[in-house]
Amino acid sequence: MEILNEIKFSMPSHSVNESTARAVVSSFLVQLNPTVEELSDIRTAVSEAVTNSIVHGYRNSKGKIEITARLLPNREIYIKIKDKGCGIDDIKQAMEPLFTTAPEEERSGLGFSVMQSFTDKLTVKSKKNKGTTVIMRKKLSADGE
């Protein structure tokens, strides 16, 4: 994979950091001059992935969330969000709309559905007690059109 530019950062799994992740990733991607809609889609997808790490990955504990954003050829973006939390027992089930492991917190179970709808490709890898990695890819329109 040819990488034209890249940013990596990590942060504690505090809920207040969800907006920071969204802001950092979108600020990095501004150099591609995305449309307002594309930027909004990416911000929402990042927000959902980070929130999943905080709420489901670390549940009642704290840990680090690692984020990588890459600019690839042909205006494609790659975003990886990784935690070392509890992992997902059944990824297929977790990706079903309305499935949630935190109903007591009134979670809607739409995080993965939202990520899928706002990206071109979503990959989820997870190992029990080792964590979860979410990779999102999206091709942007021609220079802000």
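In what order do the five strands form the open sheet? The order is β1-β2-β3-β5-β4, with antiparallel pairing; two strands count as paired if DSSP finds at least two bridges between them. Strands (E, at least two residues) and helices (H or I, at least four residues) are DSSP runs, numbered from the N terminus.

The model is predicted: local features need pLDDT of at least 70, side-chain atom pairs count only at pLDDT 80 or more, and totals for chains, interfaces and linings use all residues. Residues are numbered from 1 along each chain as its sequence is written, and side-chain values use heavy atoms, with hydrogens and water left out.

Select β1 (5–12) and β4 (121–127), the edge strands, each of which pairs on one side only. From one strand to the next the twist averages 10 degrees; angles run from 0 to 180 degrees between N-to-C directions, and axes are lines fitted to C-alpha atoms, for helices over the stretch in contact.

Next, show β4 with β5: seven bridges join them in the antiparallel sense. Pick Lys 125 here, and Thr 133 in β5 is found opposite.

**Helices on the sheet**

**Between the helices**

Now select α1 (residues 17–29) and α2 (residues 36–57) together. They pack at an angle of about 145 degrees, with their axes 9 Å apart. On the α1 side, the contact residues include Ala 21, Val 25 and Leu 29; on the α2 side, they include Leu 39, Val 46 and Ile 54. Of the residues in this contact, nine are nonpolar, three polar and three charged. Ala, Val, Leu, Ile, Met, Phe, Trp, Tyr, Cys and Pro count as nonpolar, Asp, Glu, Lys and Arg as charged, and the others, Gly among them, as polar.

**The cavity**

Last, select Ile 42, Ala 45, Val 46, Ile 77, Ile 79, Thr 119, Met 136, Arg 137 and Lys 138, which line the largest cavity. A cavity is a set of points on a 1 Å grid over the protein atoms alone where a 1.4 Å probe fits but cannot get out, and lining residues have an atom within 4 Å of a point. The space in the largest cavity is about 40 Å³, where a volume is the space filled by probe spheres set on the points, joined across faces, edges and corners. At least two lining residues come from each of α2, β3 (76–83) and β5 (131–139). The lining has six nonpolar, one polar and two charged residues.

Terms used: Contact means heavy atoms within 4.5 Å. On a 1 Å grid over the protein atoms alone, a cavity is a set of points where a 1.4 Å probe fits but cannot get out, and a pocket is an open set with protein on both sides within 12 Å along at least five of seven lines; lining residues have an atom within 4 Å of a point.
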